Amino acid sequence: MPVHQITDPDDDRIADYRALTDVELRTRWEPPHGLFIAEGELVLRRALRAGYPARSYLVDAKRADQLADLDTGDAPVYAATPDVLQRATGFHVHRGVLASFHRRPLPTAAEVLAAARRIVVLEDVNNHTNLGAIFRGAAALGVDAVLLSPTCADPLYRRSVRVSMGEVFAMPYAKLDRWPAGLDQVREAGFTVLAMTPAPDAVPIQRLTRAQRERPALLLGAEGPGLTAAAQAASDVRVVLPMRRGVDSLNVAAAAAVAFWELGRDDPPFGGE
């Protein structure tokens, strides 16, 4: 595995990794160029296992041997000192390993719906940490796919990928281009749309009927504002997690995990990876 030494943080060969902490710049750079960045050895190996082709690797020079067993193919491996890495990326790369990958075409919402029994639909979830945590919880707790409203954050943004521990690669997802009208497509595919809200008149999630739990589409909104009135109106049932001690709600990722577990609690036991 040939390793190319980088001494200049402005070297054009590592342009994919420049200013990784600048969300606006990365949003303008990554999707239009058909790439995303994976941070950490575990995450990049999961991206490879999921079939994403690597464009290049960038590592701390002292950790280059961590990738020695990989078949890197045509993707070059670049190595630099921690100082050069920090100046190029904008942060201390304490995991010591980064990789740039080609994106793959997203499936359509119809394709995702046809292959799923239990899904989560997200409206305006634009916090990358919450998005990554929801993907990780969905993968762990029996959700088959994720659908995103047009204003959701990019699941392949570096922070989302890292927080999900690479589970964004394993979880099928698609976008609903029409919102909230796209929820009609979800319902027509045989799902019951369950809108999560802290409203006191909503149905406690544990009291859903067997029919409502059969093919659920759990609908979640952004941290703070929650679901819009239009999204709630387009749902079939408004559901709530009963709270105690005067707490009105949970972080959206935490609420999602509780709801995922509740909807899948009757599933047969299964082992992890």
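Where does UniProt place the feature "domain: tRNA/rRNA methyltransferase SpoU type"? The unreviewed entry puts this domain at residues 119-260; such positions follow the numbering used here, with shortened feature names, and annotations may be inferred rather than shown by experiment. The model is predicted, so local features need pLDDT of at least 70 and side-chain atom pairs count only at pLDDT 80 or more, while totals for chains, interfaces and linings use all residues. Residues are numbered from 1 along each chain as its sequence is written, and side-chain values use heavy atoms, leaving out hydrogens and water.

The end C-alpha atoms of residues 119-260 are 9 Å apart, and the span is 31% helix and 19% strand. Helices (H or I, at least four residues) and strands (E, at least two) are DSSP runs numbered from the N terminus.

A nonpolar core is a set of buried Ala, Val, Leu, Ile, Met, Phe, Trp, Tyr and Cys residues joined through side-chain atoms within 4.5 Å; buried means under 20% relative accessible area (1.4 Å probe, protein chains only).

| Core | Residues in core | Including |
|---|---|---|
| Largest nonpolar core | 52 residues | Leu44, Tyr57, Phe101, Leu122, Phe169, Met196 |
| Another core, apart from it | 20 residues | Ile119, Leu176, Ala195, Leu219 |

In contact (heavy atoms within 4.5 Å), H5 residues including Ala133 and Gly137 meet Val252, Ala253, Ala256 and Phe260 in H10.

Methods:
Buried < 20%, exposed > 50% of the residue type's maximum accessible area, 1.4 Å probe, protein only.
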